[in-house]
Amino acid sequence: MNQSPSFSSRSYTSPWKRVALASAASMLCLGSYSPLPAVSAPPLQISQAQGWDTAVQVARLVNANQDVTALIMQLEGFNKPATSYANAVYQLNARKNGRWVQLYTSTGARLISKAPGQFALAPEVISVSDLRNQLQRLGLSTDLSTLDLQSVVQLRYNLPGQSEQITKLERSLVYNTIAQTTTTQLVSTRTTTTQNQSQNVQVVQTANNTQSINRGNFSLYVVQQQPTLPYVIARVSLRAKRSQGYLRERFVGDYRYKIKDKGKGKKYKKAKFIRGLNPGDIVTVRLFDHRNVFIGYSQFELLSENCVVNLVLNNDSNRSIVRTVYGVDANQDDTIDRGTQVYDYFTQVTQTNSQSYTNSLVTFLTNSQGINLSSFNIPGLPAPSSNFIYPNVFQTGAFSIVSQTIRVFSSNLGPALIARPGQLVQIIDISSSNNAIYEVSQQIINYSKVGVTQGSTNNRDDDDDDDDDDDKKGRSRRNCNQGIGNGSEGCDPGNSSPRGGSNDEGGRKPGGSKK
């Protein structure tokens, strides 16, 4: 990690840049569970050709009766170069006899602003009735639930001094796993109007509201000072915040991080998680080594903006201690922003039964006694300190965990959260060869049969305590505003209660206090 710049003032610059997750998991069988179909969320495709940094959002539009009425496609740009001309064409393909055939293409091209920076195009609305009519003309089944789709956005643009360039963003989709939305606006935008007085022409400029889009998103790294493990598996789960507590813990996936063979000059790999996340939600990570030995545990609270999270493994033979370092990374350069809070603390796991990791306990430590801090010193991160800094929610109130010892694998957890890695669901390999991001709401849907915890939402081990579990109340409330204003954000998939209105409709304010 000799590429890392220096650190000062409790902020740091990481050497790790945007990387990707490989293709997602298929479901396997365990015990009495029936084999599950290999339905997985395709990674969100990001185009970074010649300075472009864009993504295509896809969702199903539902009405008040929860009937799907249309498919929505929308191109958003996190960054673009200055262009003399640029446009985009939307296309939707269906699989027929093992190949893609055109199902829909937009009428004309959508112009993109010449200026560099952020942008968001108007959403493309494709009615379900039109899709069925075209499927019938192609001789394909009109049963959309079995439909394999491919979304395509073709970008054409001219760079200064260069001829026309063309790039495509392609993404494979399974219709019945596409997130739902109640609004056509998948990308939260702000629109301003200015007057060109010399020509008396009204100019409308649209740009991303990045605070709304990125709030609660996070990048996750797993690192070791002197890599001794070939890889580590990070089991990620989510508990969504509600006014009276948290929803039940939901499985997001098992992610394999290569550690030992990173090699000199190579970048550490990260998993990027977006959508279905909000400030105040709690993410849990359980760590296993290459032999499926349980070695570590962490929890962290999601922030009002995108954040970067680093889990640092112990170099000593006792790998039961994990250091968690994270903070806001608003510009998504894998750097905790200067002048913002850095959270830095340690957890330690112990096993009460050497024959079974499911009896493991975890303690959120309050001091560095017995910890070799030097073994957790990573270039590019703040030097380990005996002054641990936890989020407030972990320190006070009903859900405080600092200095507490809790069970890691309580009996009410979803089967995927208890099973050994690779035993129930396929492990997802993190790779730097793709530019891909995982959508949490979609992952939760994929694993819904094996990934939902029953009973308690408390941090402590109260298997029979159902207090604060407003997930049950949401079972009869299907007006979940999933996707409003933020793609698939704003709603926990499945049987959840709504979080309030969208960002576009005056709902809960970003970054609002949860204490």
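Which are the buried residues of helix 1 (residues 128-137)? I began there, in a predicted model where local features need pLDDT of at least 70, side-chain atom pairs count only at pLDDT 80 or more, and totals for chains, interfaces and linings use all residues. Residues are numbered from 1 along each chain as its sequence is written, and side-chain values use heavy atoms, with hydrogens and water left out.

**Helix 1.** I found Val 128, Leu 131, Gln 134 and Leu 135 buried (under 20% relative accessible area; exposed is over 50%, partly exposed in between, with a 1.4 Å probe and protein chains only). Helices are DSSP runs of H or I, at least four residues, and strands are runs of E, at least two, numbered from the N terminus. The four lie on the same side of helix 1 because they cover an arc of only 125° around the axis, taken from the directions from the helix axis to the C-beta atoms. Exposed Gln 136 and Arg 137 sit on the face turned away from the buried side. After helix 1 I noted Gly 139, with a positive phi near 75°.

**Packing.** I looked up what the buried residues of helix 1 pack against: strand 5 (68-79), strand 6, strand 7 and strand 10 (124-127). Contact is heavy atoms within 4.5 Å.

**Strands 6 and 7.** Strand 6 (residues 85-96) pairs with strand 7 (residues 99-105) in the antiparallel sense over 6 bridges; pairing needs at least two bridges found by DSSP. The two form a hairpin with 2 residues between them. In the turn, Asn 97 has a positive phi of about 55°. I also noted Arg 99 in strand 7 as the bridge partner of Lys 96.
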